[in-house]
Amino acid sequence: MALPVNGNVPRRGLRLTAVIAAALCVLAIAVGVIVFSYSDVRDTALTAGLSPRLARFYPLVFDAALIVACAAAVTLRGVLRGYAWLAVLVTLGAIGAADLVHVMSITVPKRPLEATIAIAPWVVLLAGLTLLDAMLRRTPGRKSQAAGHASANGGAPAVRSAESTAGLTAGDR
């Protein structure tokens, strides 16, 4: 491989080093957020009446959702990327709100807090599943239906065998 005249090869290595350093820093920040917010989110769940055994796992639901949303935000494109970033912001907002309620000793009415604690994991699961579905549908090497011809029943793209295309000229294929 010939070196470019403008000398961009050394910059490519520097850029890769910078991206790796930034990724490691973001990972360290994420670990810090997860560690520092754990007890506040757990205590908020305990205040809502969740059993101590279940409240221990409650913050992990949001941490897992945050990881899925972050992975989707950097892998998806277009509108789905916007949805992934929205999921990141909403998840961080929920974690931050639980931290704030606990740290500032804000008294939240019991019934709305119970309802929020009960419904939040289901909302997080729905967001996580839709993001995972979007990421799986856009994996490299997977052919989209638009690339092939759809069959008459709307199923998988129709595939032509070698025998059926043998009689066609090069212009017909």
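Where is the place of valine 31? Valine 31 sits in helix α1, residues 9-47, with helices taken as DSSP runs of H or I of at least four residues, numbered from the N terminus. The model is a predicted one, so local features need pLDDT of at least 70 and side-chain atom pairs count only at pLDDT 80 or more, while totals for chains, interfaces and linings use all residues. Residues are numbered from 1 along each chain as its sequence is written, and side-chain values use heavy atoms, with hydrogens and water left out.

Valine 31 is partly exposed, at a relative accessible area of 46%; the label covers values between buried, under 20%, and exposed, over 50% (1.4 Å probe, protein chains only). Serine 105, in the loop between α4 (79-103) and α5 (110-137), counts as exposed at 58% relative accessibility. Serine 105 also has a positive phi of about 50°, although it is not a glycine. Most residues other than glycine have a negative phi.

Then there are the pockets. A pocket is an open set of points on a 1 Å grid over the protein atoms alone, where a 1.4 Å probe fits, with protein on both sides within 12 Å along at least five of seven lines; lining residues have an atom within 4 Å of a point. The largest pocket is lined by 28 residues, with Phe62, Val90, Ala94, Thr116 and Ala120 nearest its centre. Helix α5 gives the most to this lining, eleven residues. Of the 16 residues lining the second largest pocket, the closest to its centre are Val26, Leu27, Ala30, Leu66 and Cys70. Here α1 gives the most, with seven residues.

How values were computed: Helix = DSSP H or I, 4+ residues; strand = E, 2+ residues; numbered from the N terminus.
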